[in-house]
Amino acid sequence: MQRKYPNLCRPIQIGNVHFRNRMFSAPMGGTDITADCTIGPASTAFYEYRAKGGAGSVTVSELVVHPETEGSHMYHLDLQTPGSLASFTYTADAIRRHGAIASVELSHSGQYAGTYLTDKNKKEGLCQWGPSDCVRPDGRQVRALDEAQIRDIVAAYGEKAALAKRAGFEMVMLHGGHGWLINQFLSPYFNKRTDRYGGPLENRVRFAQEVLDSIRAAVGPGFPIEFRMSGSELFDGGYDLQEGIEIAKLLESRIDLLHVSAGTYQRGFGVTHPSMFLPHGSNVYLAAAIKPHVKVPVATIGGLNDPQMMEEIIASGQADVVEMARALLADPELPKKVAINRDDLIVRCLRCYTCMAERAQTATRRCTVNPIIGRELDGMEVLPAARKKKVLVVGGGPGGLQAALSAARRGHQVILCEQHGEVGGILIGEQAIPFKLEMYQLGVTLGKLCEEAGVEIRLNTRVDRAYAEEIGADVVIIAVGSEPFVPPIPGLDDPRVVQVNDYHHRQEEIGNEVVILGGGLAGSELAVHFARQQRTVHLVEMNGELAPDANVRHRPQLLAEIDKQGIQVHCQHKAVEVGSDGVWCVDANGQRVLIPGQSVVCALGQRSRRAVVEELLDAAPLVSQIGDCVKVSTITTAVYQGHHAALDI
C-alpha cells in the first residue's frame, strides 16, 4: 500500500535491534509503584497499551539505580526484593509480545530526589546528593558526592542495565537531562567541583562517560543505549545549545541513539513539556541543530502530536526518530492510525496537563480525552455486550459523544441527539482560540469516530420526554451539559455583552479594550488570547486568586502567561454594573471603581441544565446522567463518566 507518512512508518536499526517504525513512546512514570518499588500490574498494563497501539519502542520510567543516595518512591530493580526482577520481566514481555521494543530509563534525580513523592514532607527525610554542596531554593541542604560514592553510582548503572537486559528489555535509556543527576554534573550552574569531575566541559562530561562505559560493559556490544539529554538548559547559568553540541560530540561514541530534549525540569516545566501556549514541536530545533554534528541517530521530542509535522521532521533530516509521551496517552493507537492512513481518527492531546497533575495529586494517571488511562486493568478494549439494546444519548458534548461511541462499540443501537447544528458542546467555542484549537478538534474527531462506529447522529434535534418516549430506547444517557451563569448585574443582559461560550460567533464585536468578568480558567485563558491579539485586557475576579479551577500543572503556566502578556488583573473586584464605558466594580476597600473597556465578556461560570434532566428522568427504563448536567466539572469527568455509562448498559 501507499503510505501517507512513509518516513514515520519506515523501520530503523539501532545497535543490533530492529524497530518497526520511527514513532517511539517516551518515558512516562507508571501508575502503581508497589511499596517495595516494583512494577505493579496496572503499570504493566499501562505500558502494554502503547505497545498494542503500534509504537516502535516503549520506555518504562524511571528506574532508580542507586536507592542509597536517591530514595525516591520510583522503580527499583534488584535480586533481593521478592518480585522485583519478575515485575520487570512481565512488563518487558507485555511490551515485546505486541511487536514493540521494550526499553527502560535508568535514572538518578540527584539533588531533586523525592520530586514525585505525593507526601512532599517526606522529602525532608531523604538525602539530597549532587555534584556540589549547596542549598536548594526551597531551603534543603544538598551534599556533594565524594569520589567513592560516584564510583558506586557508576557501577550501579551497569548493574541495573544488566538486570534490565536479563529481564528481557532490549534497550536502555540513560536519563541525562532535565536537571537530574547526570545533567547536574554537565551543568555549570549545578556543578562547582574543582576535581576531575568539575570545571571545563571535558571534566563535567566525565561522569556521563563513565556511566555509559559501565552500562556498555554490562550489556555488551550491539545492545542499544539511548542517551537522553537537554540540548540546552535554557536558563542563565546553565549550558546553552553550543555547549549542548559539544556534550553530544563527547558522548556519541558510547551511545546508539541520542535523544534531544530541552530545559531543566525544575526551571522550565512548561518548556520541557511544552504547554498549550507554545507551538507544537517548539523544541525540535535543538535536535536539528545537534544532528549534523553526530553520526548516531537522533530522536526529538516536545509536544508532538501531528503526523504531518512529524513526517516532515524526519523527511527534512531534523531527526531520525520522533518520541511522544502525552500524545500516546491521548491516543495509544496513533502509530497504528498513521500506518493505515487514518490519521483523521487520531484523538489529539490537548496539552492540558491533566495526566501530570493527576500524578502529582494522587500518584495515579488520568487523561482528559482517554478514559482508559490509568485504568487499563479494567480492560483496554471495549467488549461486545451480551444483549444489544437501543440507546438514546441526549447531548453531543464530549461526554455524550464518548458515551455514544463506547455504547456503539459494544454493539448497541445508538442514537445521539444534539440540539445545535454540530457536535462538540462547549468545545465548539474553542475553535476561536488558537492554542485551544485541539479542544474543538476533539469534538470533531469524536463525532467522526461515532459515525464510523455506526452511531446515528441527529443534529438540530431537541429531546423532550415525548420525543424520547417516541424513540422507545431501552436506555437514555442524559449529557445535556451546562449553560452560562448570568447573575442579576445591571447591564449584563445588554446585547453588547458577549458570553464566553458565544465568543466564536461574535469575534468581530470585540473592541481594542476588553473587560473580562470572571478570572476562572475560561476567563483567564480568553484573556491570554485577547492579549496575544494586542488588545488591552482587564481581567476582573471577585475572589483573591485567578484560575483556582485549573489543575496544579497548568495553573502556573497560565499565570505566567498572564503576567508575560501584561494583562491588567483586578482581583477582589466585584462587578456591580455594566455601563457604556466599562464595568463598575466595588474593590476590596468598598470603593466603587470603573474598569474601562469598549467590550465586556462574561465568563462567570456555568450551571447545570437540571430542568432538561428532570424532564427526561422517566423517559426510559434505565436513565443515566453524566457530565456537567450532574455537576459542573471538566472534560475529563464528562468523558470518563460517558464511557462508563456505556459500559454499564
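Predicted model: local features only at pLDDT ≥ 70, side-chain atom pairs only at ≥ 80, totals over all residues.
**Salt bridges and an enclosed cavity**

The count of salt bridges comes to 34.

Lys436 sits in the loop between strand 15 (413-417) and helix 16 (437-452), and Glu525 in helix 18 (residues 521-532), so the bridge ties together parts that are 89 residues apart in sequence. Lys436 and Glu525 are both buried.

A salt bridge also links Glu615 to Arg462, at 3.8 Å from N to O. Glu615 belongs to helix 20 (residues 610-616), whereas Arg462 lies in the loop between strand 16 (456-458) and helix 17 (465-471); the pair therefore ties together parts that are 153 residues apart in sequence. Glu615 has a relative accessible area of 31% and is partly exposed.

Glu456 pairs with Arg458, and their closest N and O atoms are 2.7 Å apart. Glu456 is partly exposed, at 36% relative accessibility. Arg458 is also partly exposed, at 25%. Elsewhere, a network of salt bridges links Arg342, Asp344, Lys448 and Glu452.

Two cavities of 30 Å³ or more were found in a search of the whole structure. Helix 12 supplies the largest share, three residues. In total, 14 residues line this second largest cavity, and Cys349, Leu350, Cys352, Cys355 and Cys367 lie nearest its centre. By class, nine lining residues are nonpolar, two are polar and three are charged.

Note on methods. Residues numbered from 1 in each chain as written. Heavy atoms only, no water. 1 Å grid on protein atoms, 1.4 Å probe; cavity = no way out; pocket = protein on both sides within 12 Å on 5 of 7 lines; lining within 4 Å. Points joined across faces, edges and corners; volume = space filled by probe spheres on them. Helix = DSSP H or I, 4+ residues; strand = E, 2+ residues; numbered from the N terminus. Nonpolar A, V, L, I, M, F, W, Y, C, P; charged D, E, K, R; others polar. Salt bridge = Lys/Arg side-chain N within 4 Å of Asp/Glu carboxyl O. Buried < 20%, exposed > 50% of the residue type's maximum accessible area, 1.4 Å probe, protein only.
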